[in-house]
Each structure stands twice: as structure tokens, then as C-alpha cells.
There are 2 protein chains.
Amino acid sequence: MIEVEVKAKIDDFKEMEEKLENIGAVKSKTEFQEDIYFASPIVDFAETDEALRIRTTNNNTFITYKGPKLNDKAKTRKEVEMTIENSEKAKDIFTEIGFMEVRTVRKNRQYYTYENFEISLDDVEGLNPYMEIEIALDDSEDYSQAQDEIFKLFEKLGITDGFERTSYLELLENLNTE
Amino acid sequence: MIEVEVKAKIDDFKEMEEKLENIGAVKSKTEFQEDIYFASPIVDFAETDEALRIRTTNNNTFITYKGPKLNDKAKTRKEVEMTIENSEKAKDIFTEIGFMEVRTVRKNRQYYTYENFEISLDDVEGLNPYMEIEIALDDSEDYSQAQDEIFKLFEKLGITDGFERTSYLELLENLNTE
């Protein structure tokens with residue numbers, strides 16, 4: 001699967017929720033997500049723009065691998081996500097085979113759906129409010145159109161700047177080194 | 001979890017099945033198991049005596065990590081096994097993070113249970129008949145007693161030699177290099 005994903009700072013969750021409802025976006029699930037990120041023993045994932053994490057949500061646990069970004073504007077990248085039995089065992093296996101826990105990112109995410117978009121209002125512990133808009137594509141589909149559509153939707157919601165390509169993980173890491 | 005496991009060559013499955021039934025062992029499930037083994041980019045698992053594999057059985061898929069052997073006589077080692085969604089995604093993730101597929105080991109395994117033992121009659125593609133006897137222990141339990149019990153059970157079944165510490169994977173690898 002390829003995910004095309006753009007995120008931007010927003011001023012206020014309440015205001016954005018109203019805008020989303022005005023255009024007809026449908027509020028779906030709210031999730032608490034805890035993501036444990038790992039560092040590789042052979043490459044610097046921050047350099048290669050990859051990510052390996054264990055995500056625990058209200059009901060499920062996943063291993064997610066995200067590949068390097070395929071272009072500069074949006075975060076277009078390969079994503080493999082697999083349901084697993086539990087987080088502890090996965091942590092144990094990754095640690096045994098040489099991966100190191102880097103940081104845990106916790107957030108409350110409010111999902112909205114609109115046409116073929118998945119929209120998230122992200123309240124990340126330690127960061128300001130963000131909104132993410134994503135389109136999932138098959139590996140063979142062209143992603144430049146999807147990207148254009150995402151930026152048009154941001155415009156429709158009154159957002160024309162404050163776009164952020166840096167991941168929540170890196171934003172939090174940068175906070176600590178400043 | 002710690003598994004204490006000993007395997008030995010046997011002459012004939014039929015004959016051993018009779019012996020097992022004579023001592024009161026209970027035939028349980030029969031399983032076709034397909035194990036995809038991976039090589040690490042940072043250590044030689046053959047040297048460190050570790051293993052990382054994806055096991056697909058009739059009904060389930062697992063990731064299994066096996067730690068270095070803790071002693072010389074039996075294969076006493078840490079084991080972490082976790083149910084996962086499917087084999088393809090796990091293969092994709094392991095490959096992306098630098099692991100290499102080494103070999104697939106396929107076998108039909110007939111399980112028996114007897115007291116606290118798990119006994120397997122293993123018909124591995126490309127190898128002669130083997131029987132494995134295993135006891136699972138908590139991490140803190142002493143394994144030397146478990147080991148003695150296993151060897152006593154082998155004796156009870158008429159097996160006093162032909163013990164093999166080499167894994168099926170390595171036995172198959174060795175066949176190829178001979």
C-alpha cells in the first residue's frame with residue numbers, strides 16, 4: 001500500500017471540527033494511540049526516512065513499517081501494517097534482534113471521513129494541534145493526483161500554510177534537543 | 001518462556017507411535033508447518049545460535065524468536081512466539097528492515113502429550129524421521145531437572161542415542177553444502 005499524507009498545524013480543534021462538519025465530513029472513531037518507535041542497528045531511520053513502530057490502540061496492536069518518502073511535497077510512502085497479538089512480545093522480539101526503543105508517542109486522534117480522504121485531528125502529547133489528511137493508494141496508482149486533491153481539501157478548510165513534513169516522532173525529538 | 005527441547009533420530013514413525021500409545025501418551029493435533037527462516041544483517045544467527053522465523057500452520061501464523069542455547073546438552077533457550085495477521089506482511093517488514101530469507105523448512109508434525117511433555121513426531125521434507133520432546137518453563141524455573149526428565153522419557157521409549165542438537169534448518173543447510 002502507498003499512503004499519501006499531508007499534515008498541517010491548526011489553531012483550534014473545535015473550530016476545525018465545525019469546518020469539517022460544514023463541508024459534510026463524517027466524524028468516525030476516536031482513538032488513543034500509543035506508538036513505540038524503534039531505531040535500526042544498521043541504518044539511521046531519521047536519515048533514510050523510514051519508521052518501525054508498534055502501535056497500540058483501544059482495541060488492537062499493530063507492527064507498522066513506513067518506507068522512505070517518495071517525493072518532497074507530501075509524505076508519500078510505502079506502508080505495511082500488520083495486526084499482532086500484543087505489544088510486549090513484539091518489543092521483546094525487536095529488542096532481541098537488535099532494534100532499540102527510541103521514544104513513545106501518545107495521542108488522541110479523532111478520525112473523519114470525507115470522499116476518499118481520511119482526516120485526523122491529532123492531539124499529540126507535547127505538541128500543538130495538527131490535522132492530517134491521507135489517501136491510501138494501491139502500489140501501482142499514481143500519487144500526484146492524490147496529493148493535489150489533499151492540498152485542495154486543506155484550502156477548502158482554510159489552510160494554506162503551516163504544512164509540516166516532519167513526523168510527530170521527530171518533532172518531539174527536536175523539542176528535546178532545542 | 002524457556003523451552004527445554006531434545007530431539008533424536010528415530011527408525012520408524014509407526015513403531016514410535018505404538019510405543020507412545022503403550023506408555024499412555026495422547027495423540028493430539030497433526031499440523032503441516034511451513035517455517036521461513038531469516039538471516040540477520042548484524043549477527044550470524046548460526047554462530048549466535050539464535051533463530052527468527054515466520055511459521056505458518058493449518059490455522060495460524062506466528063513470528064518466533066529463539067535465543068541462544070543456554071547449555072550444551074539439551075536445546076534450552078528463550079523463545080518468544082507471537083500470533084500475527086499473515087506471513088506476507090511479516091516477510092515484507094523483515095525484508096524492509098534488513099533481514100534476508102534463508103530457507104523454508106516444511107514438515108508434517110504429529111503432536112503427542114504425556115504428563116508435562118510435548119512430544120512431536122517430525123516428518124521434515126528432505127530429512128529422516130525425528131522425534132522431539134519438549135518442556136516449557138517459566139523464565140525463572142530451573143531447567144536441569146526438566147532436561148533429566150526428557151532424557152528419561154527418551155530412554156523409556158527405547159532411545160539412548162541418535163540425539164541431535166542441530167536444528168532442522170541447519171541439518172538441511174548442511175545437506176546442501178556436503
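Residues are numbered from 1 along each chain as its sequence is written, while chains are lettered from A and ligands numbered from 1 in the order in which they are written. Because the model is predicted, local features need pLDDT of at least 70 and side-chain atom pairs count only at pLDDT 80 or more, whereas totals for chains, interfaces and linings use all residues; side-chain values use heavy atoms, with hydrogens and water left out.

**Aromatic rings**

Begin with the rings of Phe, Tyr and Trp (for Trp, its six-membered ring), which pair if their centres lie within 6.5 Å, and which count as stacked with planes under 30 degrees apart, as edge-to-face over 60 and as tilted for the rest. By this rule there are 13 aromatic pairs over all chains. Select A:F38 and A:F94, whose ring centres are 5.2 Å apart and whose planes stand at 55°, so the pair is tilted. A:F38 lies in strand β2 (residues 26–39) of chain A and A:F94 in helix α3 (residues 87–96) of chain A, so the pair ties together parts that are 56 residues apart in sequence; helices (H or I, at least four residues) and strands (E, at least two) are DSSP runs, numbered from the N terminus. Both A:F38 and A:F94 are buried, on a scale where buried means under 20% relative accessible area, exposed over 50% and partly exposed in between (1.4 Å probe, protein chains only).

If you now select A:F38, A:F94, A:F99, B:F38, B:F94 and B:F99 together, you have a cluster linked by ring pairs.

**Lysines over tyrosine rings**

A charge sits over a ring if NZ of Lys or CZ of Arg is within 6 Å of the ring centre and within 35 degrees of the ring normal. In chain A, select A:K29 and A:Y111, where the charged end of A:K29 sits over the ring of A:Y111 at 5.0 Å from its centre. In chain B, B:K29 lies over the face of B:Y111, 4.9 Å from the ring centre.

**The cavity**

On a 1 Å grid over the protein atoms alone, a cavity is a set of points where a 1.4 Å probe fits but cannot get out, and lining residues have an atom within 4 Å of a point. Grid points are joined across faces, edges and corners, and a volume is the space filled by probe spheres set on the points. A search of the whole structure finds one cavity of 30 Å³ or more, and the largest cavity holds about 30 Å³ of space. To see its lining, select A:I63, A:M82, A:F94, B:I63, B:A90, B:I93 and B:F94. Helix α3 (residues 87–96) of chain B contributes the most to this lining, with three residues. The lining divides into seven nonpolar residues, no polar and no charged, where Ala, Val, Leu, Ile, Met, Phe, Trp, Tyr, Cys and Pro count as nonpolar, Asp, Glu, Lys and Arg as charged, and the others, Gly among them, as polar.

**Salt bridges**

The structure holds 36 salt bridges over all chains, each being a side-chain nitrogen of Lys or Arg within 4 Å of a carboxyl oxygen of Asp or Glu. Select A:K89 and A:E85, whose closest N and O atoms are 2.9 Å apart in a salt bridge. A:K89 is partly exposed, with a relative accessible area of 26%, and A:E85 is partly exposed at 36%.

Now select A:R109 and A:E132, whose side chains meet in a salt bridge at 3.3 Å, N to O. A:R109 lies in strand β6 (residues 100–114) of chain A and A:E132 in strand β8 (residues 130–137) of chain A, so the pair ties together parts that are 23 residues apart in sequence. Both A:R109 and A:E132 are buried.

In chain B, go to B:K107 and B:D35, which form a salt bridge with their closest N and O atoms 3.6 Å apart. B:K107 is buried, with a relative accessible area of 2%, and B:D35 is buried at 1%.

**Positive phi in loops**

Finish with A:E115, in the loop between β6 and β7 (117–124) of chain A, where phi is near 45°, a positive value in a residue other than glycine. A:E115 is exposed, with a relative accessible area of 64%.

Notes:
1 Å grid on protein atoms, 1.4 Å probe; cavity = no way out; pocket = protein on both sides within 12 Å on 5 of 7 lines; lining within 4 Å.
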